[in-house]
Every structure is written in C-alpha cells, then in structure tokens.
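Me: I would like a close look at one part of this model, and then at how the rest is held together. Please keep it brisk.

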Amino acid sequence: MSLKPGELLQGVAKGGIAVIFQNWENAGASAVDILKSLDINPNEPSAIAWLLVQRSLIGAMLELVKERSLQTELDPQELRQTLDRELENHQELPRTFFDRPKDLDLLDAVRQPYQSWLESQGFEPTHSANLAKRLPSYFVFALHREWRSNPATYAILTKELDTPFAEAIDRELAWKHYLIWLQRRVNEPMFEESFGLADVYIPLRGYYEKKSSESREPENLKSPKKERVAIDLHETLTNWVKRADKEDAIRVICGGPGSGKSSFCKMFAAKLAQDETTRILFIPLHHLKIRDALQDAVQDFIDTDLDNLLPPNPLTKEHQESQVLLIFDGLDELAMQGKAAFQVAQDFITEVQSNLNRYNQTEAKILVLMSGRDIVVQHNQTYFRKEGQILHLLPYSLKSEKEWGISYIDEQQLLTTDLRQVWWKKYGELKGKVYQGLPPELDRGKLAEITAQPLLNYLIALSYDRQRLDFSETNNLNSIYSDLLDRVFERDWENYRHPTLNAIDKKDFIRILEEIAIACWHGNRRTATIAQIENRCNSKLQKLLEVMRCNDSQSGVTQLLTAFYFRQSEQYASDATFEFTHKTFGEYLAACRIVLQLKNTHEEFHRKQDDPDKGWDEKHCLSEWAKLCGPSEVDQYLLTFLRDEMALQDPEEVKQWQQTLCQLIDYMLRKGMPMEKLDPRPSYFEESYQARNAEEALLAALSSCAYVTEIVSNIKCFQQQPDAFGNWLSKLQGQRTSSKNRTALMCLNHLNLSGAILLIKDLYNSNFTNTNIEYAELRIANLGGANLEGANLKNAALRSANLENANLTNANLEKTELSGTKLMFAKLGNANLRSANLEFADLRNANLKGADFTDARLYRTNFRDANLSYANFRNADLRNANLTDARKYHANFQDAILPENFNP
C-alpha cells in the first residue's frame with residue numbers, strides 16, 4: 001500500500017514548507033492549522049502524512065544546527081527551496097515507512113543539499129558532512145516525538161492504515177520510541193564536536209579469567225592459578241543475550257576510569273535496539289535511588305523522566321515483557337549514595353539477584369548487565385562465581401601489559417591490533433585532518449599508557465589539536481585537563497557575554513567549576529543541584545550561577561558548560577541539577593580546589609604568625625580544611641589527580657606548604673580536629689566520620705607535597721610519642737574488610753617514623769617509599785606487597801614480619817633484624833643488607849640482584865630460585881642456607897661461610 005497524493009501533495013509540500021519556515025524556531029503552527037490555511041481538508045490522510053514528514057524533517061535539521069552553533073540568525077530560504085523541490089520529486093510514502101522510517105528515500109535525497117546549506121551558513125565542510133550523516137537517526141526520533149506530541153492530529157492515519165507503527169497499543173509505541181532514542185543518543189554530539197559517539201567508537205576487547213590446568217596440581221589448590229581469555233566484548237555479550245539462560249542471567253563489565261564502560265553499554269544498547277531483537281532498559285545508577293525493592297526504585301526512575309522517554313516498568317506484572325535486558329551502568333556511583341562505599345553496591349547486587357530468582361523461575365525473562373570500576377566489582381566478586389560472569393575491559397593498546405609480562409589466551413588473534421592507530425585514523429577523518437595513526441610523540445612514557453584508555457585518549461586528541469602543549473615533554477594528565485579548560489574559556493566563553501554580567505574572568509570561571517566539583521564530591525560524586533552549589537559559592541561567584549539558571553538551557557553560557565564538563569540533568573524537577581559527563585572531570589577539579597585550599601591555608605596561617613590580628617590560627621585552618629575535606633573521603637582516583645596537580649605547582653611553594661602541613665598535623669594529633677567549630681555542628685557519629693576524612697586528606701596532601709620536594713616530613717609528635725603514628729593510622733585505616741586499602745596507607749611516603757612502634761601492624765600493600773623507619777618496632781607486622789623503595793629501615797626490628805611481594809629496591813636494611821621474615825618474591829635489588837640478620841628468613845623467588853649482604857647473618861636462610869646476580873655476600877654467614885636453583889651470576893662470595901656442597 002502506498003500514499004500517492006499527486007497534486008494535493010504539491011500544494012501541501014510548497015504551502016506547508018512556507019508556513020513552517022515562517023516560524024523556523026518553532027517549526028510552524030499545528031498540522032491542522034497549516035492545512036486549513038491552504039484550504040486543504042485536514043482529514044485527508046495523504047496530506048497529514050506528508051506534514052508529519054515535513055515537520056519531523058525540519059525539526060531534526062534544526063536540532064542538529066542548534067547543537068553545533070549558538071547562532072539563531074540562520075537563513076532558511078535556500079534550504080526551503082531544496083525541500084520544495086525534493087518533496088515534489090518524492091511523492092510516495094511506502095507502507096514500510098512506518099516500520100522503517102530511516103530507510104525513506106527522501107532522507108538520502110536531502111542529505112547532500114542539507115550539507116551544502118550548512119556550509120553556506122558558515123559551517124566547516126567536515127562538520128557539515130558529520131551533521132548531515134546524523135540526519136536520518138535524528139529524523140526518526142523527531143518523527144516519533146511529533147506523533148506522540150500530537151496523537152489526535154495523526155489519529156486519522158491509524159484508521160487509514162492497519163497500524164502506523166507496527167503495533168497499535170501504547171506500550172508497544174512507548175518501547176519503540178525508547179529504543180529509537182537509545183539509537184539516537186549515541187549519535188548526539190560528543191562535547192562540542194560535530195560527530196557523535198557512534199562515529200568515533202572503536203569496538204572494545206576484554207577478557208575473563210578461568211582456572212588454568214596447573215590449578216589442579218596439589219601445590220596450587222589453595223591459591224589456584226588463573227588464565228586470561230581474550231574476547232570480543234560485543235560478540236560475547238550478544239551471544240549471552242541470545243542464549244538467555246535463566247541460570248546465567250547476570251554479566252558484569254569492569255574497568256578503570258575512562259576505560260569505556262559507559263560508552264560500551266550505550267553502544268551495546270543502541271545496537272540491540274537497532275536489531276529489534278531485545279528490549280533494553282538503560283539505567284545510569286547515579287540516577288537510581290535504592291530504598292527498598294528494585295521494582296520500586298526502577299519505577300521512581302521512570303516517574304522522574306520529565307521528557308516521557310522511558311517505557312513502562314518491565315518489572316511490574318501489568319507491564320512485564322517476554323524478555324528484557326536491564327543495563328545498570330556505574331556500580332561504583334551507586335556506592336556513593338550515603339552508606340559505606342561498598343555496602344550499597346553489595347546490597348544492590350543482592351537485591352538484583354533475589355529479583356532474578358523470582359522473575360526467571362521458568363525462563364529468562366530478565367537479563368542484567370552491570371558495569372563498574374574495578375575496585376567495586378572486585379570487592380563483590382564472590383557474588384559472581386561463574387566463569388565468564390565478570391568481563392574485564394582491555395585498553396586500546398596492551399604495550400604496557402606486555403612489559404609487565406601479562407599474557408592472554410587469544411585464539412582469535414584479537415589482541416594483535418593496536419586500536420589507538422585505528423581510532424586516530426577515524427578521528428582524523430571526522431576532524432578533516434590527516435592522521436595515519438597515533439602521532440609518534442604520544443606513544444612514549446606515561447602518554448603511551450594514557451592514550452591506551454578510550455576517554456583519556458580522546459582528551460589527549462582534543463588537547464593535541466590545540467597545539468598548546470609540548471607533548472614531547474608533557475606526561476601529566478592534569479596539564480591536559482587544564483589545557484581543555486583553557487579551550488572552553490578562550491574559544492567559547494569570551495565570544496558570549498551575558499547582559500547581567502559586567503565581567504567574568506578566567507579565574508572566576510574555573511572557580512565556579514571547582515565549586516560544582518566539590519558540591520558533587522560531597523554528594524554522590526556525579527551530580528549537584530544549584531542550591532548545593534550556591535551554598536559553596538561567595539556572592540561574586542553566584543553571578544555566574546545566575547547565567548547557568550537561564551530558562552533556555554540550550555543557549556548561552558549553559559550550553560557552553562554542558563558542552564564540555566557538564567550536562568544539565570532533569571532527574572530532579574524541584575531544582576536545576578548539573579551532572580558531570582564523566583567522573584574524572586569532577587575528580588580533577590576537586591583536586592584543583594584542594595590545592596587552592598592548601599595554598600590559602602598556608603597564606604592565612606603565616607599572616608597570623610606575622611600579625612596576630614590577621615590570618616588564621618591552627619584551629620581556624622583545620623576547621624576550614626574540615627569543611628572542605630570532611631564530608632567525603634579522598635579515594636585513590638582523587639589522590640592521583642591531587643598528586644599530579646601538586647606536581648604542576650612551584651616546588652618552592654610546595655616546600656613551604658609541606659612544612660605548614662607538618663605543623664597542622666602535629667597540632668591536630670595533640671589537640672584533635674576542631675569539629676566543634678562547624679556550623680551547624682553535625683551529630684557525633686557524622687562528626688567522627690568527617691574528622692577522619694579531613695585528617696586523611698591532610699595526610700594525602702602531605703604525601704603529594706613530598707613527592708614534589710622529595711623531602712622527608714618531620715612531624716614532632718611522631719618523634720616525641722613513639723605510638724602516635726600507629727594510633728593515628730589505626731583511626732584512619734579502621735578494620736579491613738577486603739584487600740583494598742584506605743587512602744591513608746597509600747600516603748606514608750617520605751615520613752620520619754624513626755623509632756615508631758608498629759608491632760603486629762596491618763600495613764599490607766602500604767606505601768612507605770623513601771620513608772625513614774630506622775629503629776622502628778615492626779615485629780610480626782604485615783607488610784606484604786608494601787612499597788618500601790628507598791626506605792631507611794636501618795636497625796629496625798622486623799622479626800617474623802611478612803614482606804612477601806614487598807618492594808625494597810634501594811632500601812637501607814643495614815643491621816636490620818629480619819630473622820624468620822617472609823620475603824618470598826620480594827624485590828631487594830641494590831638493597832643495603834650489610835650486617836643484617838636474616839637467619840631462617842624465606843627469600844624464595846626473591847630478586848636480590850646487586851644487593852649487599854656484607855657481614856650479614858644468613859644461617860638457614862632460604863634462597864631457593866632467588867636471583868642473586870651481582871649480589872655481594874662478602875664475609876656473610878651462609879651456613880645451612882638453601883641456594884638450590886638460585887641464580888648466582890657474578891655474585892661475590894669472598895670470605896663468606898658457605899653451606900656444604902655449595903655450587904658456585
């Protein structure tokens with residue numbers, strides 16, 4: 001069946017286009033009014049159908065233009081003439097149009113003229129081509145939106161045809177509309193680009209772990225070895241969805257920040273939606289409020305959809321489907337909403353599994369795909385015991401992993417391609433640049449690791465195009481974020497000036513972004529309302545907030561902000577809410593704000609010392625610090641940005657800040673954090689929690705300063721009270737619930753802990769690089785996996801301590817008591833062990849290359865399979881030592897007491 005309106009269509013085409021273009025911004029009057037103005041019967045199905053096409057097509061074109069330009073003065077006349085002509089030449093709507101509107105011939109016909117018109121309006125040719133390429137997906141969405149906005153107008157088509165969109169019932173239309181939106185979303189512009197995620201996306205690879213054949217050996221039963229099996233992520237999950245096994249209804253994707261978790265989930269959802277084989281409900285978990293039942297939480301999520309995009313709740317009995325895939329994106333973000341970090345994620349996983357058992361009693365009606373950062377998934381991996389349930393994302397390049405000796409079972413040869421080369425070539429085509437692959441200057445050092453991660457690789461590309469940074473020297477990711485902020489300010493902000501503002505300089509612009517970041521950090525780390533941001537801003541900064549609260553959220557400063565770091569979230573109807581497009585943006589800006597606070601604290605503290613009537617005393621400094629750093633913990637991701645931001649500061653200034661922090665920490669250890677100065681004062685429980693966070697942030701800042709200055713921090717209290725450090729660390733660390741450390745244990749570098757009492761202390765995987773621990777009491781302490789590179793442990797007591805897998809490279813262990821210590825697989829390259837006591841110590845498989853054991857006591861020490869190359873054992877006592885299969889290349893045993901049957 002076809003609609004062939006003939007002369008009637010010509011009148012509708014020309015007359016309708018003319019009326020619509022009279023009001024370009026609003027795409028014209030109603031369809032009925034247009035037809036009446038043309039003396040055409042509004043009950044004529046052909047006329048109604050073609051007006052539906054016209055209005056949707058123009059709406060899609062306009063939306064694409066608005067996304068790319070702040071201009072509102074556009075000349076539509078040339079485009080109008082083109083549409084007049086093409087609509088006359090395409091006078092047939094096939095019945096299949098309603099099922100596959102994207103295949104309409106008219107779209108191909110108008111794409112090139114639309115591209116030419118964009119170029120005539122000042123758009124660059126490359127950007128014009130990218131916008132025109134996205135027209136079909138925008139048209140389909142506009143078509144459904146127009147129908148749903150004016151159902152009465154188009155009701156006549158339902159009577160003329162059997163069903164306009166394949167199924168007649170509202171639920172089917174709702175799902176169809178939502179699945180089309182999922183497809184359109186990946187075509188929406190990335191940041192301020194003319195192309196979308198779908199254009200630049202590179203299919204990701206991953207791996208799952210399986211027990212190796214060696215795991216069956218008796219010596220490996222306790223800790224079975226695992227192998228990594230490489231997979232095509234999309235293919236693996238597509239097959240899992242097709243299989244629909246009710247006993248295997250959950251999959252989890254995990255990876256670090258910027259590894260492509262969310263992008264993959266969006267692309268996977270869009271592809272399944274396009275294939276129309278599975279119904280998908282995509283839920284960003286920072287928008288899901290888990291209170292009681294999962295069904296109620298999903299219903300709340302759907303109810304707060306102000307754009308009416310979401311389908312009916314498939315978890316309710318009245319709206320259940322034969323099969324639905326629920327995609328929950330961001331387990332780590334769910335874990336930020338109130339409770340202890342991992343408890344909420346654990347509760348959520350338990351709730352999901354419980355519901356799956358109920359829904360999937362006879363068949364797999366509900367499948368669940370979750371994504372989250374590695375740490376949260378690892379903490380809950382006991383819930384996912386099946387082989388292949390947890391899928392780990394792999395980076396674009398495995399160069400660094402190969403250097404670490406990590407190998408994969410790769411039967412399909414998936415890992416032979418460096419995807420960075422593929423991505424950069426595709427990116428260059430979209431930007432109108434000639435990139436044959438990754439620029440050579442980006443394939444070195446830390447930049448090689450950064451470009452291996454999808455998001456960071458893209459940010460590098462943005463900065464590389466600006467040519468402001470010398471990438472032959474730059475390795476600091478914060479420099480790249482800073483450069484991108486400069487881009488937003490210089491290229492866009494200064495071209496727009498809101499009439500209510502006299503002047504906004506770069507400093508204020510960035511400060512407001514930092515306060516948004518802190519407001520988000522204090523909340524769920526992703527979103528913050530205008531009210532929460534205002535509470536953090538002074539009166540001057542609040543002027544900028546007024547711009548952000550413009551009624552037209554798609555123009556002016558709001559568009560500029562949402563184009564890069566933020567988008568305006570519509571989750572909360574009561575107050576405008578801004579949401580980070582990626583959490584790392586917030587972490588970077590929060591780190592900048594903490595460094596600014598440290599700078600201000602130092603200045604005010606020394607003003608007080610110079611003039612007692614000015615500045616801040618210790619108590620005031622610490623209370624201001626608690627306001628900023630108390631509400632939330634500094635996690636390892638924020639710590640990385642904090643260290644990188646500190647590295648960009650003037651080393652002489654950082655040296656002074658380090659000294660100020662030593663004084664403030666000393667004061668805090670003696671008199672406590674002045675939480676009584678907070679207004680309003682929190683409850684005792686919350687006060688204790690915030691004090692711990694603020695103290696840990698002090699240690700994180702001190703650690704970051706010390707990495708810049710390479711100076712050991714002297715805190716008087718630690719020398720005067722030998723148990724002071726251990727007591728403080730116990731408070732910061734708390735009871736371990738997994739192998740994951742609190743941030744405090746990562747910040748013990750460059751400290752003077754001489755004589756500290758750390759008896760039987762849990763210091764697993766801690767960071768003591770370049771720390772002075774001489775004469776410390778560490779007997780039976782757990783330092784497994786600890787980093788003690790360059791540390792001074794001279795005369796320390798470590799008898800029966802655990803140092804398995806510890807890094808003691810270049811450490812000073814002269815005269816250290818190490819008898820009975822476990823040092824299996826430890827790294828002691830070039831360590832000083834002169835006169836140390838290692839009797840009965842276990843150094844199997846340890847790396848002792850270049851270590852100095854002069855005069856050391858090594859009675860019954862186990863060196864089996866150890867690397868002793870270039871080690872010095874002069875005058876050492878090696879009686880009854882086990883040197884079986886040890887590598888002794890160029891080792892010096894001069895004057896040593898050797899074991900019987902010694903084979904050099």
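Leaving aside its neighbours within four places in sequence, which residues is F863 in contact with?

Reply: This is a predicted model, with residues numbered from 1 along each chain as its sequence is written. Local features need pLDDT of at least 70 and side-chain atom pairs pLDDT 80 or more, while totals for chains, interfaces and linings use all residues; side-chain values use heavy atoms, without hydrogens or water.

Beyond the neighbours within four places, F863 touches L843, L848, F853, L858, L868, F873, L878, A881, N882, L883, T884 and A886. Contact here means heavy atoms within 4.5 Å.

F863 also belongs to the largest nonpolar core, which has 256 residues. Such a core is a set of buried Ala, Val, Leu, Ile, Met, Phe, Trp, Tyr and Cys residues joined through side-chain atoms within 4.5 Å. Buried means under 20% relative accessible area, exposed over 50%, and partly exposed in between (1.4 Å probe, protein chains only). With F328 and L793, F863 has the most contacts inside this core. Helix α3 (residues 45-68) gives the most to this core: eleven residues. Apart from this core lies another, of seven residues, including Y207, A230, L398 and L415.

The criterion is a side-chain nitrogen of Lys or Arg within 4 Å of a carboxyl oxygen of Asp or Glu. Both residues sit in the segment after α32, 18 residues apart. R857 is partly exposed at 41%, whereas E839 is buried at 18%. Helices (H or I, at least four residues) and strands (E, at least two) are DSSP runs, numbered from the N terminus.

The structure holds 35 salt bridges. One of them joins E633 and R742 at 3.3 Å, N to O. E633 lies in the loop between α27 (618-629) and α28 (636-647) and R742 in the segment after α32 (724-733), so the pair ties together parts 109 residues apart in sequence. E633 is partly exposed at 21%, as is R742 at 26%. Another joins K226 and E209 at 4.0 Å, N to O. K226 is in strand β4 (residues 226-232) and E209 in strand β3 (residues 205-211), so this pair ties parts 17 residues apart in sequence. K226 is exposed at 54%; E209 is partly exposed at 32%. E63, R145, R184 and E188 form a network of salt bridges.

Disulfides (cysteine sulfur atoms within 2.5 Å) number zero in the whole structure.
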